[in-house]
Amino acid sequence: SPLTVGPMTPLLDSARQANVWSLRKVGLGLLMSVRGEWKPLPFIEDTAVPPQHLADYIPRIEAFCRELGVRMTYYAHASAGCLHIRPLINVKQAAELGKMRAITQYTAELLGEYGGALSGEHGDGRVRSWLNEAFYGPDLYRLFKQVKAAFDPQNLFNPGNIVDAPAQDANLRIGPGYQTISLNTRLHFADGFATEVEMCNGAGVCRKLNSGAMCPSFMATREEEHSTRGRANLLRAALAGWLPHAELTGPRMYAAMELCVSCKTCKAECPSSVDMARLKTEFLSQYYDKHSRPLRDYLFGHIDTLSKLAGGWRAPLANRVLSWDVTKTVLDRGFGISRERTLPRFARRAFTSWSSAASSRTAPPVVLFVDPYNAYSYP
(Lines give C-alpha, C1' and ligand atoms only; values in the text may rest on other atoms or scores of the structure.)
Protein backbone atom coordinates (compact mmCIF):
# COMPACT_ATOMS: atom_id res chain seq x y z
CA SER A 1 0.00 0.00 0.00
CA PRO A 2 1.22 3.57 -0.64
CA LEU A 3 2.83 5.56 2.14
CA THR A 4 0.82 8.46 3.53
CA VAL A 5 2.74 11.55 4.58
CA GLY A 6 0.34 14.02 6.20
CA PRO A 7 -2.22 15.06 3.57
CA MET A 8 0.03 13.77 0.78
CA THR A 9 -0.03 10.24 -0.70
CA PRO A 10 3.16 9.44 -2.65
CA LEU A 11 2.47 7.12 -5.58
CA LEU A 12 5.79 5.78 -6.74
CA ASP A 13 4.73 2.87 -8.97
CA SER A 14 3.56 3.35 -12.54
CA ALA A 15 0.25 1.47 -12.11
CA ARG A 16 -1.00 3.77 -9.34
CA GLN A 17 0.20 6.82 -11.24
CA ALA A 18 -1.71 5.65 -14.30
CA ASN A 19 -4.87 5.33 -12.18
CA VAL A 20 -4.52 8.93 -11.02
CA TRP A 21 -4.03 10.21 -14.58
CA SER A 22 -7.01 8.18 -15.81
CA LEU A 23 -9.22 9.72 -13.14
CA ARG A 24 -7.91 13.18 -14.00
CA LYS A 25 -8.75 12.70 -17.69
CA VAL A 26 -12.33 11.62 -17.05
CA GLY A 27 -12.95 14.19 -14.28
CA LEU A 28 -14.69 16.74 -16.47
CA GLY A 29 -16.74 14.09 -18.23
CA LEU A 30 -17.96 12.71 -14.90
CA LEU A 31 -19.03 16.20 -13.81
CA MET A 32 -20.73 17.09 -17.09
CA SER A 33 -22.74 13.84 -17.08
CA VAL A 34 -24.57 14.87 -13.90
CA ARG A 35 -28.31 14.55 -14.60
CA GLY A 36 -31.11 16.85 -13.50
CA GLU A 37 -31.68 20.61 -13.47
CA TRP A 38 -28.74 21.45 -11.19
CA LYS A 39 -25.53 21.48 -13.24
CA PRO A 40 -21.88 22.06 -12.24
CA LEU A 41 -21.33 25.41 -13.96
CA PRO A 42 -17.87 26.91 -14.70
CA PHE A 43 -18.42 30.53 -13.63
CA ILE A 44 -15.59 30.50 -11.02
CA GLU A 45 -13.73 27.41 -12.16
CA ASP A 46 -10.69 29.22 -13.52
CA THR A 47 -9.84 31.34 -10.47
CA ALA A 48 -6.33 30.89 -9.08
CA VAL A 49 -4.47 31.91 -5.92
CA PRO A 50 -0.84 31.43 -4.90
CA PRO A 51 -0.65 27.74 -3.90
CA GLN A 52 0.26 28.54 -0.29
CA HIS A 53 -3.16 30.20 0.13
CA LEU A 54 -5.24 27.46 -1.53
CA ALA A 55 -5.92 25.58 1.72
CA ASP A 56 -7.48 28.74 3.19
CA TYR A 57 -9.22 29.94 0.03
CA ILE A 58 -11.18 26.77 -0.82
CA PRO A 59 -12.81 26.22 2.63
CA ARG A 60 -14.03 29.83 2.67
CA ILE A 61 -15.77 29.36 -0.67
CA GLU A 62 -17.16 26.05 0.59
CA ALA A 63 -18.58 27.76 3.67
CA PHE A 64 -20.15 30.56 1.60
CA CYS A 65 -21.77 28.08 -0.79
CA ARG A 66 -23.01 26.01 2.15
CA GLU A 67 -24.75 29.07 3.61
CA LEU A 68 -26.54 29.56 0.28
CA GLY A 69 -27.51 25.89 0.12
CA VAL A 70 -25.33 25.33 -2.96
CA ARG A 71 -23.36 22.13 -3.49
CA MET A 72 -20.00 22.38 -5.25
CA THR A 73 -17.58 20.13 -7.07
CA TYR A 74 -13.92 20.59 -7.87
CA TYR A 75 -11.09 18.84 -9.66
CA ALA A 76 -7.85 19.56 -11.54
CA HIS A 77 -4.41 20.90 -10.64
CA ALA A 78 -4.17 22.19 -7.09
CA SER A 79 -0.39 22.39 -7.39
CA ALA A 80 -0.75 25.55 -9.50
CA GLY A 81 -3.30 27.11 -7.13
CA CYS A 82 -6.04 26.62 -9.74
CA LEU A 83 -8.49 24.10 -8.36
CA HIS A 84 -11.47 24.08 -10.75
CA ILE A 85 -14.56 24.82 -8.66
CA ARG A 86 -18.01 24.22 -10.13
CA PRO A 87 -21.03 25.05 -7.96
CA LEU A 88 -24.26 23.28 -8.92
CA ILE A 89 -26.76 25.88 -10.12
CA ASN A 90 -30.20 25.61 -11.73
CA VAL A 91 -30.22 28.45 -14.26
CA LYS A 92 -33.96 28.00 -14.82
CA GLN A 93 -34.66 29.57 -11.43
CA ALA A 94 -34.14 33.31 -10.83
CA ALA A 95 -33.14 32.71 -7.19
CA GLU A 96 -30.38 30.36 -8.36
CA LEU A 97 -29.03 33.02 -10.72
CA GLY A 98 -28.86 35.36 -7.74
CA LYS A 99 -26.78 32.78 -5.91
CA MET A 100 -24.48 32.51 -8.92
CA ARG A 101 -23.85 36.27 -8.90
CA ALA A 102 -23.28 36.29 -5.13
CA ILE A 103 -20.79 33.43 -5.32
CA THR A 104 -18.90 35.11 -8.16
CA GLN A 105 -18.67 38.43 -6.31
CA TYR A 106 -17.58 36.80 -3.05
CA THR A 107 -14.94 34.78 -4.90
CA ALA A 108 -13.60 37.95 -6.55
CA GLU A 109 -13.27 39.59 -3.12
CA LEU A 110 -11.34 36.59 -1.81
CA LEU A 111 -9.07 36.66 -4.84
CA GLY A 112 -8.24 40.28 -4.12
CA GLU A 113 -7.47 39.38 -0.52
CA TYR A 114 -5.15 36.52 -1.48
CA GLY A 115 -3.54 38.16 -4.51
CA GLY A 116 -5.22 35.77 -6.92
CA ALA A 117 -6.52 35.99 -10.48
CA LEU A 118 -10.04 35.74 -11.94
CA SER A 119 -8.72 33.70 -14.85
CA GLY A 120 -5.85 31.33 -14.27
CA GLU A 121 -5.66 29.83 -17.75
CA HIS A 122 -8.88 30.13 -19.78
CA GLY A 123 -9.49 33.87 -20.08
CA ASP A 124 -12.27 36.04 -18.69
CA GLY A 125 -14.85 35.71 -21.46
CA ARG A 126 -18.50 36.63 -20.99
CA VAL A 127 -18.88 34.84 -17.70
CA ARG A 128 -16.30 36.92 -15.77
CA SER A 129 -15.71 40.13 -17.75
CA TRP A 130 -18.52 41.95 -15.91
CA LEU A 131 -16.29 41.97 -12.80
CA ASN A 132 -13.15 43.30 -14.46
CA GLU A 133 -13.61 46.96 -13.55
CA ALA A 134 -14.27 46.17 -9.89
CA PHE A 135 -11.50 43.56 -9.74
CA TYR A 136 -8.70 45.44 -11.53
CA GLY A 137 -9.70 48.96 -10.50
CA PRO A 138 -10.78 51.96 -12.61
CA ASP A 139 -7.27 52.99 -13.71
CA LEU A 140 -6.27 49.62 -15.15
CA TYR A 141 -9.74 49.05 -16.58
CA ARG A 142 -9.45 52.42 -18.39
CA LEU A 143 -6.26 51.13 -20.02
CA PHE A 144 -8.09 47.98 -21.09
CA LYS A 145 -10.67 50.14 -22.83
CA GLN A 146 -8.02 52.27 -24.51
CA VAL A 147 -6.27 49.20 -25.89
CA LYS A 148 -9.58 47.82 -27.13
CA ALA A 149 -10.45 51.12 -28.82
CA ALA A 150 -7.01 51.38 -30.43
CA PHE A 151 -7.08 47.94 -32.03
CA ASP A 152 -10.84 47.61 -32.57
CA PRO A 153 -12.30 51.11 -32.98
CA GLN A 154 -15.59 49.79 -34.41
CA ASN A 155 -15.97 47.20 -31.63
CA LEU A 156 -16.28 44.33 -34.10
CA PHE A 157 -14.19 41.69 -32.36
CA ASN A 158 -15.94 39.87 -29.51
CA PRO A 159 -17.89 42.86 -28.22
CA GLY A 160 -18.72 42.50 -24.54
CA ASN A 161 -15.61 40.51 -23.69
CA ILE A 162 -13.05 41.98 -21.25
CA VAL A 163 -14.58 45.50 -21.40
CA ASP A 164 -18.16 46.81 -21.54
CA ALA A 165 -19.47 43.41 -20.60
CA PRO A 166 -23.17 42.72 -20.04
CA ALA A 167 -24.41 41.19 -16.81
CA GLN A 168 -23.31 37.66 -16.04
CA ASP A 169 -26.79 36.25 -16.60
CA ALA A 170 -27.56 38.22 -19.77
CA ASN A 171 -28.18 36.34 -23.01
CA LEU A 172 -28.61 32.97 -21.37
CA ARG A 173 -29.77 30.25 -23.73
CA ILE A 174 -31.55 28.61 -20.81
CA GLY A 175 -32.87 30.89 -18.07
CA PRO A 176 -35.91 31.48 -15.85
CA GLY A 177 -38.11 32.12 -18.89
CA TYR A 178 -37.10 28.89 -20.58
CA GLN A 179 -39.95 26.41 -20.98
CA THR A 180 -40.39 23.28 -23.04
CA ILE A 181 -43.43 21.38 -24.20
CA SER A 182 -44.13 18.08 -22.45
CA LEU A 183 -44.25 14.82 -24.37
CA ASN A 184 -45.88 11.51 -23.57
CA THR A 185 -42.91 9.33 -24.38
CA ARG A 186 -42.74 5.61 -25.11
CA LEU A 187 -39.31 5.30 -23.53
CA HIS A 188 -38.77 6.19 -19.89
CA PHE A 189 -36.80 9.40 -19.31
CA ALA A 190 -36.42 9.90 -15.56
CA ASP A 191 -36.26 13.70 -15.81
CA GLY A 192 -38.22 14.06 -19.05
CA PHE A 193 -37.31 14.06 -22.74
CA ALA A 194 -36.29 17.75 -22.76
CA THR A 195 -33.86 17.29 -19.86
CA GLU A 196 -32.29 14.38 -21.71
CA VAL A 197 -31.80 16.63 -24.75
CA GLU A 198 -30.28 19.32 -22.50
CA MET A 199 -27.50 16.93 -21.48
CA CYS A 200 -25.77 18.38 -24.55
CA ASN A 201 -23.83 21.42 -23.29
CA GLY A 202 -22.41 22.45 -26.65
CA ALA A 203 -18.80 21.35 -26.08
CA GLY A 204 -18.74 19.94 -29.62
CA VAL A 205 -16.61 16.86 -28.95
CA CYS A 206 -18.89 15.17 -31.51
CA ARG A 207 -17.15 17.27 -34.19
CA LYS A 208 -13.76 15.63 -33.70
CA LEU A 209 -12.20 14.02 -36.76
CA ASN A 210 -8.91 12.46 -35.68
CA SER A 211 -9.79 10.11 -32.82
CA GLY A 212 -12.60 7.88 -31.62
CA ALA A 213 -15.72 7.09 -33.62
CA MET A 214 -18.06 9.97 -32.72
CA CYS A 215 -19.88 11.18 -34.72
CA PRO A 216 -19.75 9.06 -37.92
CA SER A 217 -22.39 11.08 -39.80
CA PHE A 218 -20.54 14.32 -39.04
CA MET A 219 -17.24 12.77 -40.11
CA ALA A 220 -18.86 11.92 -43.45
CA THR A 221 -20.72 15.18 -44.11
CA ARG A 222 -18.81 17.80 -42.00
CA GLU A 223 -22.23 19.43 -41.49
CA GLU A 224 -23.15 20.74 -38.03
CA GLU A 225 -26.70 19.40 -38.22
CA HIS A 226 -25.34 15.87 -38.60
CA SER A 227 -23.34 16.05 -35.39
CA THR A 228 -24.75 14.98 -32.02
CA ARG A 229 -24.71 18.64 -30.94
CA GLY A 230 -26.53 19.77 -34.08
CA ARG A 231 -29.33 17.26 -33.57
CA ALA A 232 -29.62 18.14 -29.88
CA ASN A 233 -29.87 21.85 -30.73
CA LEU A 234 -32.60 21.18 -33.30
CA LEU A 235 -34.61 19.15 -30.79
CA ARG A 236 -34.07 21.81 -28.11
CA ALA A 237 -35.23 24.57 -30.48
CA ALA A 238 -38.47 22.76 -31.27
CA LEU A 239 -39.12 21.80 -27.64
CA ALA A 240 -38.53 25.36 -26.41
CA GLY A 241 -40.57 27.08 -29.11
CA TRP A 242 -37.64 28.78 -30.84
CA LEU A 243 -38.95 26.84 -33.82
CA PRO A 244 -42.68 26.13 -34.21
CA HIS A 245 -43.50 23.13 -32.03
CA ALA A 246 -44.81 21.33 -35.13
CA GLU A 247 -41.21 21.19 -36.36
CA LEU A 248 -40.48 18.59 -33.68
CA THR A 249 -42.10 16.00 -35.95
CA GLY A 250 -41.59 17.82 -39.23
CA PRO A 251 -39.73 16.62 -42.34
CA ARG A 252 -36.76 18.90 -41.67
CA MET A 253 -36.19 17.37 -38.24
CA TYR A 254 -36.55 13.91 -39.75
CA ALA A 255 -33.86 14.72 -42.34
CA ALA A 256 -31.40 15.64 -39.57
CA MET A 257 -32.25 12.71 -37.29
CA GLU A 258 -32.46 10.11 -40.05
CA LEU A 259 -28.73 10.18 -40.76
CA CYS A 260 -27.91 9.23 -37.15
CA VAL A 261 -26.80 5.61 -37.42
CA SER A 262 -27.69 4.83 -33.77
CA CYS A 263 -24.16 3.60 -33.05
CA LYS A 264 -24.33 4.94 -29.45
CA THR A 265 -20.74 6.19 -29.69
CA CYS A 266 -21.91 9.55 -28.37
CA LYS A 267 -23.03 7.90 -25.13
CA ALA A 268 -19.50 6.56 -24.68
CA GLU A 269 -17.37 9.44 -26.01
CA CYS A 270 -19.42 12.57 -25.28
CA PRO A 271 -18.32 14.13 -21.95
CA SER A 272 -22.00 14.52 -21.04
CA SER A 273 -22.98 11.02 -22.22
CA VAL A 274 -25.60 12.34 -24.64
CA ASP A 275 -27.48 9.26 -25.93
CA MET A 276 -28.63 10.41 -29.35
CA ALA A 277 -29.54 6.86 -30.41
CA ARG A 278 -32.12 6.71 -27.62
CA LEU A 279 -33.37 10.20 -28.41
CA LYS A 280 -33.71 9.22 -32.06
CA THR A 281 -35.74 6.14 -31.13
CA GLU A 282 -38.19 8.32 -29.20
CA PHE A 283 -38.22 10.91 -31.99
CA LEU A 284 -39.17 8.27 -34.56
CA SER A 285 -41.98 7.07 -32.32
CA GLN A 286 -43.34 10.63 -32.07
CA TYR A 287 -42.78 11.22 -35.79
CA TYR A 288 -44.71 8.14 -36.94
CA ASP A 289 -47.63 9.07 -34.71
CA LYS A 290 -48.20 11.85 -37.25
CA HIS A 291 -46.82 10.39 -40.48
CA SER A 292 -47.29 7.15 -42.39
CA ARG A 293 -44.45 4.68 -42.32
CA PRO A 294 -42.43 3.87 -45.45
CA LEU A 295 -42.81 0.43 -47.02
CA ARG A 296 -39.31 -0.61 -45.93
CA ASP A 297 -40.41 -0.41 -42.28
CA TYR A 298 -43.07 -3.03 -42.91
CA LEU A 299 -40.60 -5.15 -44.87
CA PHE A 300 -38.04 -5.23 -42.05
CA GLY A 301 -40.69 -5.28 -39.35
CA HIS A 302 -42.00 -8.59 -40.71
CA ILE A 303 -38.66 -9.99 -41.89
CA ASP A 304 -39.08 -13.09 -39.69
CA THR A 305 -42.39 -14.08 -41.27
CA LEU A 306 -41.19 -13.27 -44.80
CA SER A 307 -37.97 -15.26 -44.30
CA LYS A 308 -39.93 -18.24 -43.01
CA LEU A 309 -42.12 -18.13 -46.14
CA ALA A 310 -39.07 -17.86 -48.43
CA GLY A 311 -37.09 -20.66 -46.76
CA GLY A 312 -37.35 -24.45 -46.93
CA TRP A 313 -38.44 -26.01 -50.22
CA ARG A 314 -39.20 -22.52 -51.59
CA ALA A 315 -35.61 -21.32 -51.05
CA PRO A 316 -34.28 -22.02 -54.60
CA LEU A 317 -37.18 -20.12 -56.16
CA ALA A 318 -36.87 -17.21 -53.70
CA ASN A 319 -33.11 -16.94 -54.28
CA ARG A 320 -33.63 -16.93 -58.05
CA VAL A 321 -36.29 -14.19 -57.86
CA LEU A 322 -34.03 -12.04 -55.63
CA SER A 323 -31.23 -12.25 -58.22
CA TRP A 324 -33.38 -10.77 -61.01
CA ASP A 325 -32.62 -7.20 -62.10
CA VAL A 326 -36.30 -6.28 -61.93
CA THR A 327 -36.43 -7.42 -58.27
CA LYS A 328 -33.34 -5.38 -57.40
CA THR A 329 -34.87 -2.33 -59.10
CA VAL A 330 -38.11 -2.71 -57.13
CA LEU A 331 -36.19 -3.08 -53.84
CA ASP A 332 -34.01 -0.08 -54.69
CA ARG A 333 -36.78 2.31 -55.68
CA GLY A 334 -39.57 1.07 -53.43
CA PHE A 335 -37.71 0.04 -50.28
CA GLY A 336 -34.43 1.97 -50.32
CA ILE A 337 -32.28 -1.20 -50.55
CA SER A 338 -29.44 -0.47 -52.95
CA ARG A 339 -29.35 -2.70 -56.01
CA GLU A 340 -25.59 -2.92 -55.46
CA ARG A 341 -26.14 -4.93 -52.28
CA THR A 342 -25.69 -8.69 -52.27
CA LEU A 343 -28.85 -9.99 -50.63
CA PRO A 344 -28.72 -12.94 -48.21
CA ARG A 345 -29.70 -16.27 -49.73
CA PHE A 346 -32.29 -18.46 -48.05
CA ALA A 347 -31.36 -21.94 -46.85
CA ARG A 348 -33.36 -25.08 -47.66
CA ARG A 349 -33.38 -26.07 -44.01
CA ALA A 350 -33.94 -23.57 -41.19
CA PHE A 351 -31.72 -23.60 -38.14
CA THR A 352 -34.62 -24.49 -35.85
CA SER A 353 -35.41 -27.75 -37.64
CA TRP A 354 -31.70 -28.63 -37.94
CA SER A 355 -30.99 -28.00 -34.26
CA SER A 356 -34.03 -30.00 -33.13
CA ALA A 357 -32.83 -33.02 -35.06
CA ALA A 358 -29.23 -32.67 -33.89
CA SER A 359 -29.88 -32.12 -30.19
CA SER A 360 -29.36 -34.87 -27.60
CA ARG A 361 -31.70 -35.35 -24.68
CA THR A 362 -28.79 -36.37 -22.47
CA ALA A 363 -26.78 -33.18 -23.10
CA PRO A 364 -26.98 -30.17 -20.75
CA PRO A 365 -29.71 -27.69 -21.81
CA VAL A 366 -28.58 -24.79 -23.99
CA VAL A 367 -30.73 -21.80 -24.92
CA LEU A 368 -29.98 -20.06 -28.23
CA PHE A 369 -31.60 -16.82 -29.36
CA VAL A 370 -31.41 -16.91 -33.16
CA ASP A 371 -32.24 -13.92 -35.34
CA PRO A 372 -34.00 -14.33 -38.73
CA TYR A 373 -30.76 -14.10 -40.70
CA ASN A 374 -29.10 -16.93 -38.79
CA ALA A 375 -32.32 -18.92 -38.65
CA TYR A 376 -33.22 -18.88 -42.35
CA SER A 377 -30.12 -17.75 -44.27
CA TYR A 378 -27.03 -18.89 -42.34
CA PRO A 379 -28.02 -21.89 -40.20
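## Basis of the model

This is a predicted model, in which local features need pLDDT of at least 70 and side-chain atom pairs count only at pLDDT 80 or more, while totals for chains, interfaces and linings use all residues. Residues are numbered from 1 along each chain as its sequence is written, and side-chain values use heavy atoms, with hydrogens and water left out.

## The largest pocket

The largest pocket has a volume of about 1200 Å³ and a lining of 40 residues, with L41, P42, V91, L172 and N201 nearest its centre. A pocket here is an open set of points, on a 1 Å grid over the protein atoms alone, where a 1.4 Å probe fits, with protein on both sides within 12 Å along at least five of seven lines; lining residues have an atom within 4 Å of a point. Volume is the space filled by probe spheres set on the points, which are joined across faces, edges and corners.

At least two lining residues come from each of α1 (14-32), β1 (39-40), β3 (82-89), α3 (94-114) and α4 (125-128), and the largest share, three residues, is that of α4. Helices (H or I, at least four residues) and strands (E, at least two) are DSSP runs numbered from the N terminus. By class, this lining has 20 nonpolar, nine polar and 11 charged residues, where Ala, Val, Leu, Ile, Met, Phe, Trp, Tyr, Cys and Pro count as nonpolar, Asp, Glu, Lys and Arg as charged, and the others, Gly among them, as polar.

## The second largest pocket

The second largest pocket, with a volume of about 540 Å³, is lined by 22 residues, and L299, I303, L322, L331 and F346 lie nearest its centre. Elements giving two or more residues to this lining are α13 (295-301), α14 (303-310), α15 (315-323), α16 (325-335) and α18 (372-376). The lining of the second largest pocket divides into 17 nonpolar, four polar and one charged residue.

N132 lies in helix α5 (residues 132-136) and counts as buried because its relative accessibility is 0%, the cut-off for buried being under 20% relative accessible area (1.4 Å probe, protein chains only). The side chain of N132 reaches the backbone oxygen of I162 at 3.0 Å.

Strand β2 (residues 72-77) runs antiparallel to β3, joined to it by six bridges, and Y75 has H84 in β3 as its bridge partner. The two strands, β2 and β3, form a hairpin with four residues between them, and G81 in the turn has a positive phi of about 75°; strands pair if DSSP finds at least two bridges between them.

How values were computed. Buried means under 20% relative accessible area, exposed over 50%, partly exposed in between (1.4 Å probe, protein chains only). A polar contact is a pair of N or O atoms within 3.5 Å; within protein, one must be able to donate a hydrogen and the other to accept it, and residues adjacent in sequence count only if both atoms are side-chain atoms.
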